[in-house]
Amino acid sequence: MSDSSKLHVRTHSYARTFRFSGLLKKELREILRDRRTIITLVLMPLLVYPLLGLMLQKFFITQMANLGKVEYRILLLNESEGELFRNQFNHGEQLLNFKEYKEFSTSEKNKPDETLEEFKQQKPNIKILIVDEANKSRSLKSFVRKGEVDVGVQFISSKKQQEEFNPNKLGGRFEIIYGAQSRHSRRVADYVEKRLQAVRWEYRNRLLKDLGKSNSIPFRASLTAVNTQSGQAFSLVTIVPLILILMTMTGAVYPAIDLTAGERERGTLETLMAAPLPRMWILSAKFIAVLVVAIMTALVNMMAMLATTYANGLETVLFGTGMTPFVLMEILLLLVIFAAFFSAVLLCITSFARSFKEAQAYLIPLMMISMAPGILGMVPDLKMTPLWAVIPLANIVLLSRDFLLHEAQPLLVFVSVFSTLFYGIVALSLAARIFGTDTILYQSNASWTDLLKRSNKTHAVPALNNAILCLAVLFPVFILSASFVSRLGEMSISQRLLISGTLTFSLFLLIPLIFARMGAVKLKSGFRWFRPRALTCLGAILLGFTLWPFAYEIEILSLSNERIESLSKLFESLKLELGAVPLWVKLISLAVLPAVCEELFFRGYLLSSLLNRFSNTPAILISSFLFALFHVIVRDSLFIERFFPSFFMGLALGYVNVLARSVIPGIMLHMIHNGLLLTLANYQDYFSTWKINLENQKHLPIVWLGSSMLIVIIGFFLIRVGNIRQPDESPDL
Amino acid sequence: MILVKDLTRIFEAGNEDVLAVDHVSFAVSQGEVYGLLGPNGAGKTTTLRMILGLLKPTSGDAEVEGFLVSRQPDEIKRRVGLVSTSAGLYQWLTPREILFFFADVYGVPKDQATERIANLTHLFELTSFLDRRSATLSTGQKQRVNLARSLIHNPPVMLMDEPTRGLDVVGSKVIFDYIDHLRDAGKAVIVCTHRLDEAEQLCDRFGLLHQGKKRYEGTLLELKQSTMCQTLTQIFLQLLDAPVVSQETRASIQEDVN
């Protein structure tokens, strides 16, 4: 017995040294030695791609001859307009050879409008055609609609021009008609527009130089889309990511089933659950193992696809001309993110199954459902929008396509990546709720409703997975509502503000309240709604008045001069828009509501959950990061420069919250901070006499910063002193 | 060492509640082998799972070495070795890899684990197949690996669920020797079985479960005295409220038992 007790002591002393790596090693060994994994991983790509390559080669063999020779067919109504257009177009072509006009052309648009042919450094063959006598009665639109030409161009002159012709003052506009369903037609239209714009730009420059001598701009160029009869049936460039995604999914399916339902069927899961390992560790090890196999499948498939397409000479057909090592890395990264999301979904579903067959039965509908958004993504000329960016799978397919076409927009990349990651976290936290529980291990009546079952026990603070789930639901809804608000162009600014305020309230307050109810979380402790001390409130109020100069300085320090300039213009237009709104409306919708709702969510619900799991510093850091992340998205644009000041404010508000052990001082601080900035903007003219001008994005006077710093220190001191004698739990309101 | 107090578990089956274990209490001390007997569906396995914290009791609690399963399930898991017929092996790993993995899981340091694996290999005669893939092992060999696995962290308490199911005479003999070894090592052992012949040989005390309730408890002698039956089989049949069995049937049962 002496030996036994000695070993027992040793067992206890090493009790906390569980090795996650050991667990992971076992999962990886088991799955990577399995023949079925190897078959999906290696044999499938080896068989699928050569076959696919052969098929495509046969299919495109007739079209291959035309690939190298790109033709742009531009149609004009008559010879005089043709002459006019040819002159302006050629002039624009020459201008674009100068650096300054190149810069102009890229700064004019959000996305680079280089065509694929330009990317290849190949000049397209431009054909300027004139409508012949026989077709005089037909409109340009009908030619474009039937695909007989790529674009139609007509010159619509102004009345003044009709009276007195002057080639330097054309005074009208070129209307470029293109086919909405044809990517090629759109490319040609962009190509033409760019050249005409260059002429216009040059003319404007000249005007500025000879100010007073002339007062008209030669012409404008506008684009008009028409529906075409013969568009491409599907976009070939979309096939590449779709195939890669489908293969990645196939690669992840077997390990996910085997490591959950398979283990349960073989009786090894019970042995593992009987060991002193946290359930989340076991699940995480399985998740990583599935993810590794999924990523390996993606890699092998990508290499096999590249090898096959290059061997068959199909690279231009499949990848367009946008395939570069960088794009390859981008797509691979997207696949990794998608693999993480899909592995989590698979684990969530297979955790329910008691046997391999049952898991397969669950996954077949999932695979079928997954096909739908992927195939939808193949619709030609389908534009990536915020809505598509939050639809799983479709967002990755469309984003990969846009990477290949060099058309990806930063906001949509950001939204797609984060929404996919958030969905993965949701799936994983759902899996954590059910994986290895006795209901799943031993009972036969477990159902999907167990996932949404309300907890029987009340909790003082939300469980971390509840808070993460809430966040993951909030994120896509937030994106969609931001996109929705940006579409309310026809409404007055006051109405828009009202809707935006309602959305803030619904998102950051109602959704967490629903989750609090589902998780049986006590509202007061869950949202940290405790009565603060008077001194703490005073400290928070002081901070509310004095933190903004630092947030402002952080923002302008992180900005480039060009960005400051463009933001100044933006503020100018915003000022005009917001000027008409009464201050109290602005204060309620942009200060009071966001302060209350965001604080209750970020520093109430989320932070209480994080503090329950982590120490103060990581909890504040994580909540501040997420707070900043939500502030980067404004309507349908991405304002990266908002990250750092928001993160700074998140840190300050988080620290105040932890010191005060209540959300209320933070609400005061946040409200005063926002309200003060709105008031400053409202009375800008008055404040500019104090050398405060937030719109010109210049540094604040050092005196301001120094005195603010002093008050900030006093504010934090008061909050700290106010809570020194406070007991562990603050008194309830 | 093991104290089971009023353990109760109700399962939901559709709209019905099924009482699987009904206020079962018993205690097992160091160096004692306790036989938890009963027909299929009596609640033996459910009781074991509740002691180990794999199933949450509807009410009641279990205590192992002073730790309550309701409060510190991980402390209990650290102190318990589980041998179950339903337990399988990782088919793509070798017994050596499995043993090292579980040593790691239970926090046994590498050098100690190597030493223990050498001892267990000797005890259960695993040498010839220690580095073979587990999927290729016979049932008996797999069961031996499982026994070794359950002892890798040298737990003071052993829970054994139908340890001899599916084993031949030689395989069963290994289990018997193993349980003797555990008793000698001073471990508290609970063996769940419906093999009464084995139970008579192995166990020091018995608890007879039927329809979730504990009907009898005591040593073989105490059970015989309280039930007026001569053998464990007769006690068992009485427990089931079986009709009076003929002398011939009794004789055949007795024969089976012998």
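Author: In this predicted model, Leu335(A) lies in helix H14, which spans residues 325–350 of chain A. Leu335(A) counts as buried because it has 25 C-beta neighbours inside 10 Å, the cut-off for that class being 20 or more. Leaving aside residues up to four places away in sequence, Leu335(A) touches Leu244(A), Thr248(A) and Ala298(A). Leu244(A) is 91 residues from Leu335(A) along the chain, yet their C-alpha atoms are separated by 7.8 Å.

The helix packing may be taken next. Helix H26 (residues 583–613) of chain A packs with helix H29 (residues 664–682) of chain A at an angle of about 150 degrees, their axes being 8 Å apart. H26(A) and H29(A) are therefore roughly antiparallel to each other, and their crossing is right-handed. Among the residues that make this contact are Leu587(A), Leu590(A) and Arg603(A) of H26(A), together with Ile667(A), Met671(A) and Leu678(A) of H29(A). By class, the contact of H26(A) with H29(A) comprises 11 nonpolar, six polar and four charged residues.

A further pair is formed by helix H27 (residues 616–632) of chain A and helix H28 (residues 643–660) of chain A, whose axes come within 8 Å and cross at roughly 140 degrees. That angle makes H27(A) oblique to H28(A), and the crossing is right-handed. In this contact, residues including Ile620(A), Phe627(A) and His631(A) in H27(A) meet residues including Phe647(A), Leu651(A) and Tyr655(A) in H28(A). The contact of H27(A) with H28(A) has 10 nonpolar and seven polar residues, with no charged residues.

Notes: Residues are numbered from 1 along each chain as its sequence is written. Chains are lettered from A and ligands numbered from 1 in the order in which they are written. This is a predicted model: local features need pLDDT of at least 70, side-chain atom pairs count only at pLDDT 80 or more; totals for chains, interfaces and linings use all residues. Axes are lines fitted to C-alpha atoms, for helices over the stretch in contact, and angles run from 0 to 180 degrees between N-to-C directions. Helices (H or I, at least four residues) and strands (E, at least two) are DSSP runs, numbered from the N terminus. Angles under 35 degrees count as roughly parallel, over 145 as roughly antiparallel, 65 to 115 as roughly perpendicular and the rest as oblique. A crossing is left-handed if the near helix is turned anticlockwise from the far one by less than a right angle, and right-handed if clockwise. Two residues are in contact if their C-beta atoms, placed from the backbone, lie within 7 Å. Ala, Val, Leu, Ile, Met, Phe, Trp, Tyr, Cys and Pro count as nonpolar, Asp, Glu, Lys and Arg as charged, and the others, Gly among them, as polar. A residue is buried if 20 or more other C-beta atoms lie within 10 Å of its own, exposed if 12 or fewer, and partly exposed in between; C-beta atoms are placed from the backbone.
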